[in-house]
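Thanks, everyone. I'll keep this short. Please have the model open as we go.

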Amino acid sequence: MKFWIGLGLSLAMALPAQAWVMDGAILQQSGSGQFTILDPSEPFAVGADTFNTDHLYAFNEDQNITLIEPIRVDIGGCMQGPQGGVIAAGTVVASHYVFFDSINGVQYGYVDFDAPVLGIAAFQDTMAATDFLANTDVTYLSLELRGLERGDEVWVDEDDPHRLWVYWAGSSPGDYIRVFTAQSSAAPMM
C-alpha cells in the first residue's frame, strides 16, 4: 500500500539508547547507484548538490529522544494512518535522515531500520520543525529546498514496519526526508 504525502510541525528533549539504519537497497533506477549508510560522526554536508550521485543515502541523527511536545508527521508509520498525524509527547523516538541527491534520475528502493517506523517528515515545514532532532556533525544546506515534490512517493511496508520504501525522481537539489523510529529494544539503555 502506497501513501502520498501530507503536511506538518513540532518540538522535543533527550534520553538514552539507539535505533539504527540497518540496511537498504535500490531495486530499480535510471542510474547506477547503490544504498549507502553514512557515518554522521564524520563531518560532511548534505544538500545543495553536495553528493550528485545515483546513490540512496541514509544516516542516523539523534537517538532515543523523549518528546516533550508532540511532533507532526506527513506520513504515518505503525502508530497512525497513512496521511500522517502526530507522534505524542512522551514517546521515545530515534531520528534518521534519508536522501537521494542525484543529478537527474529515478529510484525505487528501501531502507531497513532496527525499530518500527513511527512517522516521516517529508516537507520543508515538518523537517524544519524537527531539526532539533538532528544533533550531528552534519552540515545541512539548502534547508528551504528539503522534502519531496509532486510525484515522489514514500511509504512504510504494511507487512514489515521496519522497512521504508521510496520511489523518487531526483534532480537538483535532491529528495530529503526525516524518518522517526521507535526506540530499539536491542540497544542498551544508558
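This is a predicted model: local features need pLDDT of at least 70, side-chain atom pairs count only at pLDDT 80 or more; totals for chains, interfaces and linings use all residues.

**Strand β9 and its partners**

Strand β9 pairs with strand β15, residues 175-182, in the antiparallel sense, over eight bridges.

Strand β4, residues 56-60, is joined to β9 by five bridges, and the two run antiparallel. Look at Tyr57 there; opposite, in β9, stands Phe99. Next comes strand β5, residues 65-66. Two bridges pair β5 with β9, again in the antiparallel sense. Here Thr66 faces Val92 of β9 as the residue opposite.

**Thr126**

Second stop: helix α1. The helix covers residues 124-129, and Thr126 is found in it. Is Thr126 buried or exposed? Its relative accessibility is 0%, so Thr126 counts as buried; the cut-off for buried is under 20%.

What does its side chain sit beside? A polar atom of the Thr126 side chain lies 3.1 Å from the backbone oxygen of Phe123.

One last distance. Thr126 and Arg146 are 20 residues apart in sequence. In space, C-alpha to C-alpha, Thr126 and Arg146 are 10.0 Å apart.

That's my part. Over to you.

Terms used: Residues are numbered from 1 along each chain as its sequence is written. Side-chain values use heavy atoms; hydrogens and water are left out. Helices (H or I, at least four residues) and strands (E, at least two) are DSSP runs, numbered from the N terminus. Buried means under 20% relative accessible area, exposed over 50%, partly exposed in between (1.4 Å probe, protein chains only). A polar contact is a pair of N or O atoms within 3.5 Å; within protein, one must be able to donate a hydrogen and the other to accept it, and residues adjacent in sequence count only if both atoms are side-chain atoms. Two strands pair if DSSP finds at least two bridges between them.
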